[in-house]
Amino acid sequence: MTQTEVFQAIQADSLLSASLWINIALAGLSILLFVYMGRNVEDPRAQLIFVAALMVPLVSISSYTGLISGLTVSFLEMPAGHALAGQEVLTPWGRYLTWALSTPMILIALGLLAGTNVTKLFTAVTADIGMCVTGLAAALTTSSYMLRWVWYVISCAFFVVVLYILLAEWAEDAEVAGTAEIFNTLKVLTVVLWLGYPIFWALGAEGLAVLDVAITSWAYSGMDIIAKYLFAFLLLRWVVDNERTIADMASGLGSASRGGAAPADD
C-alpha cells in the first residue's frame, strides 16, 4: 500500500486515529507546561533532569505524527501459525522508534534522580534500547511465527535487566541520595505500566490476536500518557520544589559513598 492509502486506512478507523491524535495533543501541551515549569531551575543536575524529561513528549509528538501520517505504519502479511495467517495486518512499527528514543530519556531522568553511577546508567539505557529494538524485530518478522516469539522472549530478557536495575540497584542508590520517596513513587509507576506493554503485545494483533489493532493502540496510548506525561509532570514538580536536594548530591553521576561519611583530611 502507498503511504496515502495507509493514511486513509488509519483515518477511516476513528477509534485508531483518535488514539494517535490524543497523544499528539497531550504531548504538545506537556512540552509547553514542562518548559514553563523549568524556567527558573538553575542547578545543572536539575536542569539535566528537566532536559531528559522534556525530550519524552518531544520524541512522542514527532513519533505520533509519523504514525498518524502513515509514515511509520505498514500492512504486513502474518506468517503461518498466526491467528491471522495470510492476512495483512496494520503494524504501527513507529511506536518502537518512540520507545527506543523516549524510554532511555525516562531512565536517564530516573538515574539522575537516584544519584546512580555511569555504569548502572549505561547498562539500563543500553538494555532498554535492546528491548525496544528486539521488540521491533518481533513485530516486523513475517517469515516465521515462531521467530516472532523468539524475538519477543529476547526483548523480555532485556526488560528483566532494566527491572532489576530499577527495583534493586537504583532504589538503593536513591536511599543514599535522599530522593527515595519520590523515586519509589516513580519507580512503581514506571514498572507497573511498562509491564503492560509486553502483555498487550502478546494479546494484540502482533501476538495472539486476541485484541484488534485499535484496542491495542488505545492500550499503548493510554500507557504512554501515564508512563510519560504524568510521570514527567510528577518528577519535574518534585525537582522544582526540591532543587536544593538535587544540588546537594555528589557532583557528576553517582551518589556519595554508601558509608555516608567523607574521608577525613590528613
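Q: What should I know about numbering and confidence?
A: Residues are numbered from 1 along each chain as its sequence is written, and side-chain values use heavy atoms, with hydrogens and water left out. Because this is a predicted model, local features need pLDDT of at least 70 and side-chain atom pairs count only at pLDDT 80 or more, whereas totals for chains, interfaces and linings use all residues.

Q: How many aromatic pairs does a search of the whole structure find?
A: Rings of Phe, Tyr and Trp (its six-membered ring) pair if their centres lie within 6.5 Å, and planes under 30 degrees apart count as stacked, over 60 as edge-to-face and the rest as tilted. The search finds 8 aromatic pairs. In one of them, Tyr 145 and Trp 149 have ring centres 6.3 Å apart and planes at 85°, so this pair is edge-to-face.

Q: Is Tyr 145 buried or exposed?
A: Buried means under 20% relative accessible area, exposed over 50%, and partly exposed in between (1.4 Å probe, protein chains only). Tyr 145, at 18%, is buried, while Trp 149, at 22%, counts as partly exposed.

Q: Which residues does Ser 19 touch, not counting those up to four places away in sequence?
A: Contact means heavy atoms within 4.5 Å, and by that rule Ser 19 touches Tyr 64, Arg 95, Ser 217, Trp 218 and Ser 221. Ser 19 is also buried, with a relative accessible area of 0%.
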